[in-house]
Amino acid sequence: MKKWIAGAALALTAMTGTAIAEGHGDYPERPIMMMVSYGAGGATDFQARIVTMTSGNEDALNMPVAILNKPGAGGRVGWNWLATQAAADGYTLGAYNVPHFIAQSIEGGVSYSTESFEPIANWGADPAVFVVAADSEFNSMADVVAYAKKNPGGMTFSGAGLFVGHHIAALQLEKAAGVKLAYIPNNAGGAGAMRAVIAGEVLGGVNNLSDAFRAREAGTVKILGVFDLERNSFIDDVPTMMEQGFDIDNASVNYRGVMVPSGTPQPIIDRLAAIVPTMFENSRVASRMAAGGSPMLIMNRDEVLEMWAQRQVTLEALLADL
């Protein structure tokens, strides 16, 4: 009898696991974790906490999503972990940043590529901006470039890491302006890079519009230029780099969204892909994002797959040319 009960229990466990894997179970049955490759307080962490805040609602995932920060090396630490160590069971999600993880995989030295992950949905598009401290002598990008030409390698500025959007923007600025800049990646991510500008540790910085918006509202920085094709409604008084005479496109714009490790069961991917965009569309989420100066751009799984493919091609060409 005991053997029969044990066998039945094993069979039931296997059936339950199969049912969930086939998308017929009650996934999710426990809280979900989402890994963020940057530290607490930065733009990705700030936004990830907002866009997941309604996950416990009955019309969403009906389970909370907890944020796990794994910062380091411009995102490499977290994405390496997600690609090589995280369970592909639907209970470990990851926040992606494009162009960051794609550019890093092109440059090499990491254990991931676009093949390592499956996108779920995109929540935002955050342009890079050039910032200086509020009391800086620089009031335009012309001032910055003039200083850089007089002091080759002396124009120090911060960013969140190597081959992230900030670094790509910096490389584009060097090429377009014909100057040599001293880009200093900050190991504390975007939040640390912004603190370095405010504290006067560097002369300027490339950062996310959303972080810069909040810092400007607090009166601690000036925003001198936007690395995008058009002005942004959050800071519509700040001209684009092109408006200021620099041939710089939108390759550094930071797309953010949710992904899972490759190997996650397709029914779970499909369920997440159906629900997660509706979480982003929640009015509470939209209002919180707007209050924080965080531009939203909601894309479904198919649209993100297309965006990843396009960015792969763009970045391969860009990095080969820089």
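Visitor: In which loop is Ala 73 found?

Guide: Ala 73 is in the loop between strand S2 and helix H3. Helices (H or I, at least four residues) and strands (E, at least two) are DSSP runs, numbered from the N terminus. This is a predicted model, where local features need pLDDT of at least 70, side-chain atom pairs count only at pLDDT 80 or more, and totals for chains, interfaces and linings use all residues. Residues are numbered from 1 along each chain as its sequence is written, and side-chain values use heavy atoms, with hydrogens and water left out.

Visitor: Why does Ala 73 count as partly exposed?

Guide: Look at the cut-offs: buried means under 20% relative accessible area, exposed means over 50%, and partly exposed is in between (1.4 Å probe, protein chains only). Ala 73 has 43% relative accessibility, so it counts as partly exposed.

Visitor: What is the phi of Ala 73?

Guide: Phi of Ala 73 is positive, about 55°, although the residue is not a glycine. Most residues other than glycine have a negative phi, and most peptide bonds are trans. Asn 62 also has a positive phi, near 60°, and is a residue other than glycine. Asn 62 lies in the loop between H2 and S2.

Visitor: Why does Asn 62 count as partly exposed?

Guide: Its relative accessibility is 45%, so Asn 62 counts as partly exposed.

Visitor: Which peptide bond ends at Pro 28, and is it cis or trans?

Guide: The bond from Tyr 27 to Pro 28 is cis, with omega near 0°. Pro 28 sits in the loop between helix H1 (2-21) and S1. The bond from Val 98 to Pro 99 is cis too, with omega near 25°. Pro 99 is in the loop between S3 and H4.

Visitor: Why does Ser 116 count as buried?

Guide: Its relative accessibility is 16%, so Ser 116 counts as buried. Ser 116 lies in the loop between helix H4 (100-107) and strand S4 (117-126).

Visitor: Which residues is Ser 116 in contact with, leaving aside its neighbours within four places in sequence?

Guide: Contact means heavy atoms within 4.5 Å. Ser 116 is in contact with Ala 83, Ser 111, Val 260, Pro 261 and Ser 262.

Visitor: What makes strand S5 largely enclosed by the rest of the structure?

Guide: Count its residues. In S5 (residues 128-133), 6 of the 6 are buried, so the strand is largely enclosed.

Visitor: How many bridges join S5 to strand S9?

Guide: Two strands pair if DSSP finds at least two bridges between them. S5 and S9 (residues 221-227) have 6 bridges and run antiparallel. Ala 133 stands opposite Val 221 in S9. S5 also pairs with strand S8 (residues 204-208), in the antiparallel sense, over 4 bridges. There, Val 131 stands opposite Gly 205.

Visitor: Why are H2 and H8 called roughly perpendicular?

Guide: Helix H2 (residues 43-51) and helix H8 (residues 209-217) pack at an angle of about 95°, with their axes 9 Å apart. Axes are lines fitted to C-alpha atoms, for helices over the stretch in contact, and angles run from 0 to 180 degrees between N-to-C directions. Angles under 35 degrees count as roughly parallel, over 145 as roughly antiparallel, 65 to 115 as roughly perpendicular and the rest as oblique. H2 and H8 are therefore roughly perpendicular.

Visitor: Which residues of H2 and H8 meet?

Guide: Ala 43, Phe 46 and Gln 47 in H2 meet Ser 210, Asp 211 and Arg 214 in H8. They divide into 2 nonpolar, 2 polar and 2 charged. Ala, Val, Leu, Ile, Met, Phe, Trp, Tyr, Cys and Pro count as nonpolar, Asp, Glu, Lys and Arg as charged, and the others, Gly among them, as polar.

Visitor: What is the order of the open sheet of 6 strands?

Guide: The order is S2-S1-S3-S10-S4-S11, with mixed pairing.

Visitor: What makes S2 and S11 edge strands?

Guide: S2 and S11 (296-299) each pair on one side only. The twist from one strand to the next averages 25°.

Visitor: How many bridges join S1 to S3?

Guide: S1 and S3 are joined by 3 bridges and run parallel. Met 34 has Leu 93 in S3 as its bridge partner. H2 packs on the sheet, touching S1, S2, S3, S4 and S10, and its direction makes about 105° with that of S4.
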